[in-house]
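Here is a brief report on one protein model. Keep the sequence and the 3D view open as you read.

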Amino acid sequence: MRHPKRQKPPIIILKLDDLSQQNGAIVPNFVRIAKLLEERKITAGFGLICAVTWPGAQPLAESSPEYLEQVKRWHLSGAFEIWFHGWDHAAHVINNETCCEFYGRSYAEQKQRFDRAQHLAQDKLGFTFTSFGAGGTISKFSSHDDNTCKVLAQDPHITNWMYPSPIDAAGQRLEATSKIKILDRVMGVNLEKGVGNPDFNWFLENYNQHPERDYFVLQGHPNPWDTDEKWQQVTKILDFLIAEKAVFMQPSAYAATTTKK
């Protein structure tokens, strides 16, 4: 496969979704990915869900001391940023259509989700979230709406939004009128080809199409990386990026270095 030469190394923001407590402990694959990243001296962002509802999971308010201490250790180490990935990640129904957590809810409902999450993070973890990324794979609709943008602009702690797509008109308006920095996505340049399926060849094919791009937000979902082959694919991507001399940054750190579009 042809590999175009880049003028400068890319900046890589690893967006790793769905950190939670499962059966009294951090889901094992987050421990495993943290170890892999630490071995390679790579920094990343872990997206925490505050009030998960799936079977066997415990919300942050009821988390074990061991879970809370581990999340705090990651945060305090400086190696990983813990970012806001939603209050409960739960779907809701509007006119018989399934919608993602934030899309289609009122301003008051969305603001409550952000406010409760920030208060809970401060109470249980000792810090507030400065980055946001909404869940959005369960719906044919967007992961967010105008009320989401309004709440983000008003949240006193959030500095940036790991956008689910290339920047659009809504993202441009939010950047132009608020403190929020949009970290948009290049579709296809991703750790996974479909949720839970890391694919080095898929990543490389799409990555090679954007030799002039300054940065990439690479999304992944460690929880379903349940085979050695999946971990091999993740490792190949990371090692390729290291060979590319990529600069790995946390979302808030990158947002702080950039000017708005």
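## Helix packing and cores

Helix α1, residues 28-39, packs against helix α7, residues 228-243: their axes come within 12 Å and cross at roughly 30 degrees. The model is predicted. Two packed helices are described by the angle between their axes and the distance between the axes. The crossing of α1 and α7 is right-handed.

Which residues make the contact? From α1 come N29, R32, I33, L36 and L37. From α7 come D228, W231, V234, T235 and L238. Sorted by class, the contact has 6 nonpolar, 2 polar and 2 charged residues.

Now look at the largest nonpolar core. It has 64 residues. Those that touch the most other members are L14, L19, I33, L37, F46, L48 and L241. I33 and L37 belong to this group, and both also take part in the α1 contact with α7. Helix α7 gives the most to the core, with 6 residues.

Take L19 and trace its neighbours. Leaving out residues up to four places away in sequence, L19 touches I26, F30, F46, G47, L48, I49, Y67, V71, W74 and I82.

There is also a second, separate core. This one has 10 residues, including W83, M162, Y215 and Y254.

## Cysteines

How many disulfides does the structure hold? It holds 0. C149 is in no disulfide, and its nearest cysteine sulfur, that of C100, is 15 Å away. A disulfide needs the two sulfur atoms within 2.5 Å. Are C100 and C149 buried or exposed? C100 counts as buried because its relative accessibility is 1%. C149 is buried too, with a relative accessible area of 9%.

Most residues other than glycine have a negative phi. D18 and N95 are two residues to check against that. D18 has a positive phi, near 80 degrees, and is not a glycine. N95 is not a glycine either, and its phi is positive at about 50 degrees.

Where do they sit? D18 lies in strand β1, residues 11-19. N95 is in the loop between β7 (92-94) and β8 (97-99). D18 counts as buried because its relative accessibility, 12%, is under the 20% cut-off. N95 counts as exposed because its value, 70%, is over 50%.

The table gathers accessibility for the residues discussed.

| Residue | Relative accessibility | Class |
|---|---|---|
| C100 | 1% | buried |
| C149 | 9% | buried |
| D18 | 12% | buried |
| N95 | 70% | exposed |

Key: Residues numbered from 1 in each chain as written. Predicted model: local features only at pLDDT ≥ 70, side-chain atom pairs only at ≥ 80, totals over all residues. Heavy atoms only, no water. Axes fitted to C-alpha atoms, helices over the stretch in contact; angles between N-to-C directions. Helix = DSSP H or I, 4+ residues; strand = E, 2+ residues; numbered from the N terminus. Left-handed = near helix turned anticlockwise from the far one by under 90°. Contact = heavy atoms within 4.5 Å. Nonpolar A, V, L, I, M, F, W, Y, C, P; charged D, E, K, R; others polar. Core = buried A, V, L, I, M, F, W, Y, C linked by side-chain atoms within 4.5 Å. Buried < 20%, exposed > 50% of the residue type's maximum accessible area, 1.4 Å probe, protein only.
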